[in-house]
Amino acid sequence: MEKPGLRERKKQRTREALTDAAYSMFCANGFDATTVDQIAEAVEVSPRTFFRYFTSKEDVALSLADEQITTMLEGFAAQPADLPVLTAMRRAAVEVVRAYESETTDSDRVRYLRMQDLISASPALMAACVERAAARLDEVARLIGVRMGVDVAADPRPYLVASVVLCAVPTAVNAWRATGRDAPDSELIGQAFDLLSAGFDDPAAPDLA
């Protein structure tokens, strides 16, 4: 793989510096109280430069989540062709999150944990995160359709699975985390996929039947 040039490396460093400054300010002052001007000033760039990298402070707050989805889909497409859909997606999702949790990627781990704290503390950001993920529904459904060998226009299953992967799984993990379940996100994501794979059309409790 060709190494990025000096220009691209400089742009990546600026993007990371803006992200780190934004997360620091969001955690210290709150998402709503932090402005784009403050983030730009902390990195000693102009607001105009900020907008070359991000469209808004919401965008910088959730950019890592977007990158994770992209990496997950690349990993999903690279899974062995004979793996069932949910098994392949589970592996891809867990691998991505586990990489961010690993001590070998310390700066990414800090960004990931800060993003999770922000999303947990802000219902608006949590809703925006789900909305941004849902915007990629067609992309994910097409990939799932390829693995299943079906036409997404004729078979409803790829869109159903894509909706669950993009919206239901992260929502469940956030809810579990809010109730105090003490486990890494990669483990919670794995549990969510395991429950889906096993099916959950459980019978009603005897006293309700």
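**View 1. H4 and H7 cross with right-handed geometry, a crossing being right-handed if the near helix is turned clockwise from the far one by less than a right angle and left-handed if anticlockwise.** The model is predicted, with local features requiring pLDDT of at least 70 and side-chain atom pairs pLDDT 80 or more, while totals for chains, interfaces and linings use all residues. Residues are numbered from 1 along each chain as its sequence is written, and side-chain values use heavy atoms, without hydrogens and water. From H4, Glu58, Asp59, Ala61, Leu62, Ala65, Asp66 and Ile69 meet Leu125, Ala128, Cys129, Arg132 and Ala133 of H7 (heavy atoms within 4.5 Å). This contact has eight nonpolar, no polar and four charged residues.

**View 2. H4 packs against helix H8 (residues 137-148) at an angle of about 10°.** Their axes are 10 Å apart, and the pair is therefore roughly parallel. Leu73, Phe76 and Ala77 of H4 touch Glu139, Val140, Leu143, Ile144 and Arg147 of H8. Six of the contact residues are nonpolar, none polar and two charged.

**View 3. Gln12, Arg15, Glu16, Thr19, Ser63, Leu64, Glu67, Tyr100, Asp108 and Arg111 line the largest pocket.** A pocket is an open set of 1 Å grid points where a 1.4 Å probe fits, with protein on both sides within 12 Å along at least five of seven lines; lining residues have an atom within 4 Å of a point. H1 gives the largest share of the lining, four residues.

Definitions and conventions
Helix = DSSP H or I, 4+ residues; strand = E, 2+ residues; numbered from the N terminus. Axes fitted to C-alpha atoms, helices over the stretch in contact; angles between N-to-C directions. Parallel < 35°, antiparallel > 145°, perpendicular 65-115°, else oblique. Nonpolar A, V, L, I, M, F, W, Y, C, P; charged D, E, K, R; others polar.
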